[in-house]
Amino acid sequence: MRYAVPVNEAGEIPMLAESGADELYCGYQDARWQALYGNHDSASRRQGRANIADPDALQRAAETARSRGLPLHLTLNGRVSEGQLPELLRIAELWARCGGDGVILRDPGLLMLLREHFDFHYTVSLLTVTVNPEGAAFWRDLGADRVVLPRFLRPEEIAAVTAGAPELEYEVMVMGDRCPLIDGFCRSVHAESFPPAPPEAEAVAVCETCNPSAEAFHLCGDLCAPAPDPCAACRMDELSRSGVTIGKLGGRGLPLTERLRWLSFLRTAEELDDNKARQWLYQKTFRHGCSCYLPERGGA
Amino acid sequence: MEQVLGHHSCPRSLKEMLSDPALSELGAPLRLVIPPVTPGLSERFALLLERIGTRTDVTLTLNDWGALAHCAARKREGRLAAVLCLGALLSGQDTDPVLETWTHPQPDHLVLREDGVVRLRWTPPPETLAAHWRCPSAVHMAPLLRSLAVEEVELCRQALEPPSGIPGFRISYLPYAILSVQPCGGDCARCGGPALRRCGKTLKWDRNMLTVPAEDAPPPEKL
């Protein structure tokens with residue numbers, strides 16, 4: 001299994017490479033985008049520090065990844081509207097000038113548009129909720145090279161989907177970011193929010209925003225406490241047999257130490273002989289009980 | 001009067017649809033709302049398509065690209081005559097009630113950020129952002145939708161008014177907004193989740209789908 005790991009800045013890439021990353025992905029949100037769409041509707045459904053913030057930093061990330069031999073994919077997988085297409089083309093143009101390798105997206109219209117202009121490697125995000133072989137073939141026919149499958153599919157279902165277009169690459173989430181909802185069908189806004197200050201506190205600054213609230217906006221957080229460190233280390237063989245060749249690590253915007261810990265764990269776990277040993281390693285590494293990523297075998 | 005069977009996201013609804021007598025009744029227009037067709041549902045979906053054959057009084061509301069592409073191929077081959085509708089799970093609409101509060105003046109808030117206590121002061125969202133919130137993705141997908149023989153697009157009534165039309169397509173409006181969907185856990189007795197409110201609105205579970213009910217959603221208006 002190859003691992004695709006999120007990167008927030010060029011300086012992280014050497015350590016991620018040395019820890020066993022095979023591919024990288026990143027977001028991009030510059031001042032121009034923020035002026036048009038704020039921080040709420042990023043091009044990649046992540047806000048703030050989960051994104052590289054200027055062209056020079058993006059160029060550095062692309063160059064550093066290339067020097068390490070790691071493909072770097074740019075996420076453009078937010079919900080797209082017609083008015084955003086020129087800006088997304090601008091970002092794709094910048095990405096092409098940086099020598100970027102791939103783009104991750106969810107919108108079939110955007111995929112068709114980008115393919116007219118750019119020769120990227122195209123990954124279809126798990127936000128497309130591709131659940132059947134006809135869906136895989138649909139994306140192949142639109143020009144996709146890879147499909148990321150949704151979290152709720154079991155390995156036997158994944159095998160049925162990948163059979164629909166075996167010439168594509170397939171990727172699944174294997175660590176981190178286990179949303180309890182089907183995030184491709186979720187329209188809840190992911191906005192940055194902050195805890196309320198005491199009423200007597202003195203403000204040191206004023207921030208003009210259309211989101212003047214201290215509410216938490218992650219609907220998933222209202223539904224259940226997110227399971228810490230969700231992991232599919234025990235299911236890698238099943239996933240490989242079902243046609244998956246890339247395991248995706250979540251954690252965009254998380255500190256580098258967290259992502260390195262996940263990656264290091266997965267690399268060590270794959271060297272172990274059995275799942276009992278992997279579970280022991282997991283509990284030793286993360287100091288809590290197992291949190292399995294995939295649905296149970298033979299479930300609903 | 002059109003009869004509606006099915007559900008946007010509940011896998012069990014496909015089984016229920018197949019055993020519903022309305023599926024065999026001719027004469028009354030029928031709308032079949034199809035959840036994403038996972039491998040476990042493929043046989044039932046194939047059976048359903050055989051049952052409706054070349055009936056012209058059926059609209060299929062499809063909620064995954066694979067099922068839509070499959071139906072488009074059957075139409076091209078003359079094996080299906082139903083109207084194809086792009087379901088609300090694919091039409092790409094922002095439905096979160098929080099957006100309504102962000103487009104209306106709000107009182108200042110003091111919050112704790114990394115840089116200290118900050119006063120958040122409401123300003124109108126950029127016009128480009130407000131326009132984005134109101135514009136479904138289906139608008140720019142029109143050429144693709146035409147190639148897939150789609151004739152109708154399903155939109156939600158939502159906190160921010162959706163467009164009143166997409167040129168070349170009939171629009172059907174759900175009387176509520178779909179906010180999110182949970183994976184099916186296979187246990188219908190435990191389907192759904194806790195009661196939730198969001199930005200002063202009461203959310204409602206409809207099986208595994210979380211909605212903003214009709215009473216909280218205004219009628220559509222022109223952009």
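This is a predicted model: local features need pLDDT of at least 70, side-chain atom pairs count only at pLDDT 80 or more; totals for chains, interfaces and linings use all residues.
1. Extent of the interface. Chain A contributes 65 residues to the contact and chain B contributes 67 residues. Together the two chains bury about 5,500 Å², with 66% of that area on carbon and sulfur atoms. B:Trp102, B:His132 and B:His140 account for 13% of the area that chain B buries against chain A, more than any other three residues.

2. Polar and charged links. Across the interface, 27 residue pairs are in polar contact, both residues being at pLDDT 80 or more. Two salt bridges are counted between the chains. A salt bridge joins the side chains of A:Arg79 and B:Asp94, at 3.2 Å from N to O.

3. The side of chain B that touches chain A. Elements giving two or more residues to this side include helix H3 (65–76), helix H5 (127–134) and strand S6 (116–122) of chain B. S6(B) gives the most, with seven residues. By type, the residues of this side are 39 nonpolar, 19 polar and nine charged.

4. Strand pairing between chains. S6(B) pairs with strand S9 (residues 205–209) of chain A in the parallel sense, over five bridges. B:Arg121 in S6(B) is the bridge partner of A:Glu208.

5. B:His7. This residue sits in the loop between strand S1 (3–6) and helix H1 (12–18) of chain B. B:His7 counts as buried because its relative accessibility is 6%, under the 20% cut-off. Its side chain reaches the backbone oxygen of B:Asp206 at 3.1 Å. Beyond its neighbours within four places in sequence, B:His7 has contacts that include B:Ser13, B:Val33, B:Pro35 and B:Met209.

Conventions: Residues are numbered from 1 along each chain as its sequence is written. Chains are lettered from A and ligands numbered from 1 in the order in which they are written. Side-chain values use heavy atoms; hydrogens and water are left out. Helices (H or I, at least four residues) and strands (E, at least two) are DSSP runs, numbered from the N terminus. Buried means under 20% relative accessible area, exposed over 50%, partly exposed in between (1.4 Å probe, protein chains only). A polar contact is a pair of N or O atoms within 3.5 Å; within protein, one must be able to donate a hydrogen and the other to accept it, and residues adjacent in sequence count only if both atoms are side-chain atoms. Contact means heavy atoms within 4.5 Å. Buried area is the accessible area (1.4 Å probe) that two parts lose on being put together, summed over both. A salt bridge is a side-chain nitrogen of Lys or Arg within 4 Å of a carboxyl oxygen of Asp or Glu. Ala, Val, Leu, Ile, Met, Phe, Trp, Tyr, Cys and Pro count as nonpolar, Asp, Glu, Lys and Arg as charged, and the others, Gly among them, as polar. Two strands pair if DSSP finds at least two bridges between them.
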